[in-house]
Amino acid sequence: MDSADLTAAERLLEAEPSLKACIGCGGCTATCSAAEFVDFNVRRMHMAFVKGQQEGLRTQLNRCMLCGKCLLVCPRGVHTRSVIMAMRKELSPEEK
Amino acid sequence: MFSVFVIPFCIGVVALLVVSVMKYRRWISQFDKRQQMLVRKGILSWKFVGAAWEAFREGLLHWRITKRHLLLGYMHRSLAFGWFLLIVVGAVQAVLAYPNGHPPYVAIFFNYFEPRSENIAHFAEARFYANLMDGLLLYVLSGLLLAMLKKVWSRPMGMRRTTRHNLTDRIAKAALWCIFPLRLMAEAHTSAIYGNGGFLVSGLGRVIDWVRLDQPILEYQWWVCYSLALGTFFTLMPFTRYMHIFTEVFLIYFRQLGLRETTDRTGYTNFELSACSRCGLCIDGCPINNPLGITNTQGVYLLQAVRNKDLFGRAERLADQCLVCHQCSNDCPVGIDLEAIRRQVRINSRKKTDDNSGYDYLKAVRPFNALGRVAYFGGCMSHLTPSITEAMERIFQASGTPYWYMDKERSICCGRPLLQQGFESQARELRRKNTQLIKESGATMLVTSCPICYQSFTKEYNLPVRVMHHTEFIEQLLRSGQLKLKEKSALRVTYHDPCELGRGSGIYDPPRQVLEQVVHLLPTQHERERSLCCGFNLGNTVLSTEQQTEVRERARQNLLEPHPDMIATACPMCKKAFARGTDTKVHDVAEIVAEGLLETAMQPTHSTR
Ligand code: SF4
Ligand code: SF4
Ligand code: SF4
Ligand code: SF4
């Protein structure tokens, strides 16, 4: 846990509390549209974010098409699209 | 012909004119290039005839509101059309009475000046006009009575919840409500002294005479009050909802000239914002209101927040809360493009994170040669309901339609979910790629199973080929005999109109026409334009699953009420939403048709990239 930034993680969980229910099953990643084209692991990204490892996520997250497939398959009702949007907001250079 | 009491009225009228001209000029100068071009091109065309008719029908007769509810329509019409006629007939009356001319305010205060003027002409129809004016005043007063009734008890007027107005609006409303009773009292007092006026005014005048209130000083006070009410109302008007009376006329004209909302806020948006009468007809149908009980999100409040320059990000919060179910834009009698304005707000709030550099991976996707075939775009959601796409493949094959399932293996999203959330440039990038793939494939038509994609392809793309939702496509195949069905089954089915397909795209009949050939279709209480949202629309990212479920439950109860054997719909998203937690089967129209196919002549026409 280098470059840890727990406050951003806390803010994320506050913005999208449904993420707390994630069990890391990887269903979202398995169905992901973007992952069919490019290296893009949505489960790994939001789990890393919550652990405070946010480096490099900003450009990666822009690959998501917000199509919503991950949202539909998640067995825990995590609002994955909202999680992605909230992460992007946290990581945007102007926002803080 | 002058009296000091006319001054407040005159000040009000001048203030109203000056401020409105200033406002309208500013908004017109804020039109974008295309809007300016359309106005320049259209201004000398015959379109103004159509616009004038629509302005008359909607601004004065309130046709659309009347269609929604008779009594509510009567209320709006009697106030608008009644007042309009009072002004017009009053002006004619004054011209007839004073053939040598008169100051303009005399028409408004006719009954005050009439018995006092020496140069008045005794025209033949004087009595008729006096009675007509009284009849019109009675007409307006009847509307006013209903408006007051609506304030305390709105149910008989077809409304469960009415708009919460701000302070200026309430003051202006008080002034407006005072105008007509004050006019009646002022005219009746004059009549008590001079015996003029029609049946209503002179009748009341006799009562006043009888109770010995026929004092000139009292009479004058009533006229002062009447003029003050008029002056207050006109002065406040440009800063209140009542500006919609004029703005709606402009909006109708500009719309006839072809102006539309864009992704940015323009002068046209300002006209739309000002054309909202705060009638509140967008409130009752909203699923965020009923069943969720959130009463600040609906069209009228969004427009209010945008108009008030978006204090503390209020507009953004309201815009995010919405399910984008199109009910409010469907219900708005002014035809305000609420969806577009909501999108502008979202685009504005996502400016900092809207970054399309992430999609360079799409460059590697090569076009596919599908010359002369029908391109089939399942859509991302349909990938999670494979029974729908399989059914479509069977239908293509059974009908002998050569097709190309363009997103079978790897799917590029249509871009609408991004655009709905305000990521405009990212959505544009996906549209560009899909457009390239479709164009270069040589396909002759595009069929999609997802109403979200359908809206995207028809409204946001500019494709050289016809776009069809699969229900339209199947309906056409059945009609042309390309698709043959077994005997109609005995299944009793209710149909759910998906928001994006029904209100969003106006496709209500094709799915019904198809279903009627395969099963027994049962009516439900909330159908077509009044269909209830399934709650899981991708347009929303802030509601909790519990809230979405609550919205869905209301829709589900409506569908289950006639005790069907099966629920049918035409959207993978709706299917998923209803299938969760229901024992009743939920199927897409395509699946039901595929089930009823005559399994003859299956031709292998299928292919993918
Ligand atoms: S919304 Fe984004 S992360 Fe989820 S499946 Fe679609 S592309 Fe993948
Ligand atoms: S599908 Fe849901 S529970 Fe599984 S990893 Fe993704 S977010 Fe977590
Ligand atoms: S948005 Fe339309 S329906 Fe809603 S209050 Fe305004 S005019 Fe009425
Ligand atoms: S689009 Fe639907 S959810 Fe959104 S405000 Fe209008 S009626 Fe309510």
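Visitor: Which residues in α3(A) meet α6(A)?

Guide: This is a predicted model. In it, α3(A) brings V42(A), M45(A), H46(A) and F49(A). On the side of α6(A), the partners are V83(A), I84(A), M87(A), E90(A) and L91(A).

Visitor: How do the residues of that contact divide by class?

Guide: The contact of α3(A) with α6(A) has seven nonpolar residues, one polar and one charged.

Visitor: At what angle do α3(A) and α6(A) pack?

Guide: About 50 degrees, with the axes 11 Å apart. Angles under 35 degrees count as roughly parallel and 65 to 115 as roughly perpendicular, so α3(A) and α6(A) are oblique to each other.

Visitor: Left-handed or right-handed crossing?

Guide: α3(A) passes α6(A) in a left-handed crossing.

Visitor: Switching to ligands. Which residues surround ligand 1?

Guide: The shell around ligand 1 includes the run C64(A), M65(A), L66(A), C67(A), G68(A), K69(A) and C70(A). C32(A), S33(A), A34(A), F40(A) and I84(A) also belong to the shell. I84(A) is also one of the α6(A) residues that meet α3(A).

Visitor: And how does the shell around ligand 1 divide?

Guide: Into nine nonpolar, two polar and one charged.

Visitor: How many residues surround ligand 2, and which are the closest?

Guide: Ligand 2 has 14 residues around it. The closest are C22(A), C25(A), G26(A), C28(A) and C74(A).

Visitor: Which elements give two or more residues to that shell?

Guide: Those are α2 (27-31) and α3 (42-51) of chain A.

Visitor: What about classes in the shell around ligand 2?

Guide: Seven residues are nonpolar, five are polar and two are charged.

Visitor: Now chain B. What domains is it divided into?

Guide: Domain 1 covers 4-30 + 61-239, and domain 2 covers 260-353. Domain 3 takes 360-479 + 602-607, and domain 4 takes 481-595.

Visitor: What separates the centres of domain 1 and domain 4?

Guide: 51 Å, taken over C-alpha atoms of the two chain B domains.

Visitor: How do α1 and α13 of chain B cross?

Guide: Helix α1 (residues 7-29) and helix α13 (residues 267-275) cross at roughly 140 degrees, and their axes come within 7 Å. Roughly antiparallel needs an angle over 145, so α1(B) and α13(B) are oblique to each other.

Visitor: Which residues make the contact?

Guide: α1(B) supplies Y24(B), W27(B) and I28(B), while α13(B) supplies G267(B), N270(B), F271(B) and S274(B). By class, this contact of α1(B) with α13(B) has four nonpolar residues, three polar and no charged.

Key. Residues are numbered from 1 along each chain as its sequence is written. Chains are lettered from A and ligands numbered from 1 in the order in which they are written. This is a predicted model: local features need pLDDT of at least 70, side-chain atom pairs count only at pLDDT 80 or more; totals for chains, interfaces and linings use all residues. Side-chain values use heavy atoms; hydrogens and water are left out. Axes are lines fitted to C-alpha atoms, for helices over the stretch in contact, and angles run from 0 to 180 degrees between N-to-C directions. Helices (H or I, at least four residues) and strands (E, at least two) are DSSP runs, numbered from the N terminus. Contact means heavy atoms within 4.5 Å. Ala, Val, Leu, Ile, Met, Phe, Trp, Tyr, Cys and Pro count as nonpolar, Asp, Glu, Lys and Arg as charged, and the others, Gly among them, as polar. A residue is near a molecule or strand if one of its heavy atoms lies within 4 Å of it. Domain bounds come from an automatic or database domain assignment. A crossing is left-handed if the near helix is turned anticlockwise from the far one by less than a right angle, and right-handed if clockwise.
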